[in-house]
Amino acid sequence: MIEIKGLTKQFGKKPVVEDVTVTIEPGTITSFIGPNGAGKSTLLSMVSRLLEADTGEVLLDQNNVKKWKSSDFAKRVSILKQANYLNVRLTVRELVSFGRYPYSKGRLSAADEKFVDQAIEYMNLADMENKYLDELSGGQKQRAFIAMVIAQDTDYILLDEPLNNLDMKHSVQIMKILRKLVDELGKTVVIVLHDINFASVYSDRIVALKDGRLMKNGPTSEIINSDVLREIYDMEIPIQEQNGCRICVYFNSHT
Amino acid sequence: MRNSTKLIMLTAIAIVCILLYGFYDIKGGFDYAFPKRMLRVTAMIITGIAIAYSTVVFQTITHNRILTPSVMGLDSMYQVVQTLIYFFAGSMSVWVLNKYLNFGAAILAMVIFALILYRFLFRADKHPIYFLLLIGMIIGTLLGSFVTFLQVLIDPVEYLSLQSRLFATFTNVKAELLFISIGILALAFLYGYLIMGKLDVMSLGRENAMNLGINYDGMVMRILILSSVLIATSTALVGPITFLGLIVANLSYQYLVTYKHSIHILGASLISIIALVGGNFLVEHIFELRTTLSVIINFIGGIYFIYLLLKESRAAG
């Protein structure tokens, strides 16, 4: 279980995340939503130890994440950030193989290779596994990076806006894969999303942030309603039910 | 061609260069000339490997392929330390006479300089490469002017003694430093063997490397120290060769298609040995010492440097 307790982070004098307390339920997809600059990515970075919090703490299995050994932590929690520019030329398979580093330390065993195969299969990259990343489209590259994180085989997978650069087909595909990871393999996924409809349809729980503060935290059904969303986004968002999914129709709202 | 084939070819060329340098046209007493030549070749091999190794790892932690420790002014720091020692302590002081103390002081200063440089330039924000280059040039000029200023004030006799230390060349190898250099290189490779996998992961960038369980900032610190120690070793042995690291590292990136540091360090080292030993052979026997190797290397390296800059700016734009 990941517990976030009173987390605060300032950049200069500006507080970016302020006193956020959230518990991530194991075996769920939890979406972080909120307007630009709400502190979603910063919060995710602190949970994954990329950033150090000013005050507050993050606990993984009751132990402060700072106290975890880096190599052990990498077997429990993985993170993928938005910008992934590489200075080296790698093939898809080489990149995905890096996901096994916490286990293999660079020497892949047969079992490691199997995880790599599976991750590549999962992300539908088998036909381009020997291509170089700089030959791929933005979406294909993104899928390759997600495959690396899947190969890492951690209980917790944190993704910072993984749907950026992706078309609808691949966005849906990735959300379905994440769903499968949670439902079939018992993983826990925490994901920063911009499109609230993806959050509404695919996630179990939603954490809503605004101006660095926690606004709402609860099951998806509680968050996706017009009153709550108005508070978060300052706009009128009618909600329509379609095949049991609640869709936010924010395009034609006349505010 | 496979990488292993390419490496074997490079090794063969390097051996040919070494043999040519060792045995070609020995006049007078073999017993006199041969050991002298071997001493120089050993110095070249050590220098070549040290520069190649330090450049490749430095470029990994700074995430670029243009800046090298030398371009950022790291080897000017060696001159600053030596000049300061002569200026304040004099040529008869223990800081000069005890070569280990002298060497240690130089390494310490260079490590501190590298850490400060990294802290302010590479750590915080991502500066454009031209900015970093400009800073590197300014630091180099500043240190150079500072050294000249102190040298003007020094007693002329002291200055002569200092000059022989600063202008070490391949024909004037500091033989007494050879053994300690070999020791340092051996330790550096032992350490390199342990961190090779981590280096590969670090080339994915800070966030990806941390995700995969690398203590990134700690590793950067250690690699900066490693890089500084190697540059200090080669500078103490034969003086600064600014552009060699840039050439050999980039040739290796182009020639050997892989992300693996073990291969690039090996490849760059071999190319470096070929350039130094082969180059010195040409200088001594073809040009008959009418020019020096560092002039040639800096000339070719400078042109290659401009080419890389143009290529980079086109890729960025």
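## A first look at chains A and B

B:Tyr255 sits in helix α11 (residues 244-255) of chain B; helices (H or I, at least four residues) and strands (E, at least two) are DSSP runs, numbered from the N terminus. This is a predicted model, in which local features need pLDDT of at least 70, side-chain atom pairs count only at pLDDT 80 or more, and totals for chains, interfaces and linings use all residues. Residues are numbered from 1 along each chain as its sequence is written, while chains are lettered from A and ligands numbered from 1 in the order in which they are written.

**Around B:Tyr255**

- B:Tyr255 is partly exposed because 17 other C-beta atoms lie within 10 Å; a residue is buried with 20 or more such atoms, exposed with 12 or fewer, and partly exposed in between, with C-beta atoms placed from the backbone.
- Setting aside neighbours within four places in sequence, B:Tyr255 is in contact with B:Lys6 and B:Gly267, where contact means C-beta atoms, placed from the backbone, within 7 Å.
- The C-alpha atoms of B:Tyr255 and B:Ile8 are separated by 13 Å, although these residues are 247 residues apart along the chain.

**The nonpolar core**

- The largest nonpolar core has 164 residues, and A:Val96, A:Ala147 and B:Met110 have the most contacts inside it; such a core is a set of buried Ala, Val, Leu, Ile, Met, Phe, Trp, Tyr and Cys residues joined through C-beta atoms within 7 Å.
- Helix α2 (residues 30-62) of chain B gives the most to this core, with 13 residues.
- Beyond residues up to four places away in sequence, B:Met110 touches several residues, including B:Leu74, B:Tyr78 and B:Ile231.

**A bent helix in chain B**

- Helix α8 (residues 178-202) of chain B bends by about 55° at B:Ile195, the bend being the angle between axes fitted to the seven residues ending there and the seven starting there.
- Among the buried residues of α8(B) are B:Ser181, B:Ile184 and B:Met202.

**The sheet in chain A**

- Six strands of chain A form an open sheet in the order β6-β7-β8-β3-β9-β10, with mixed pairing; two strands pair if DSSP finds at least two bridges between them.
- Its edge strands are β6 (77-80) and β10 (213-219) of chain A, each pairing on one side only.
- Strands β3 (residues 29-33) and β9 (residues 205-210) of chain A pair in the parallel sense over four bridges, and A:Ile33 stands opposite A:Ala208 in β9(A).

**Where the chains meet**

- In all, 20 residues of chain A are in contact with 15 residues of chain B.
- On the side of chain A that touches chain B, α2(A) gives the most, with four residues.

Methods: Contact = placed C-beta atoms within 7 Å.
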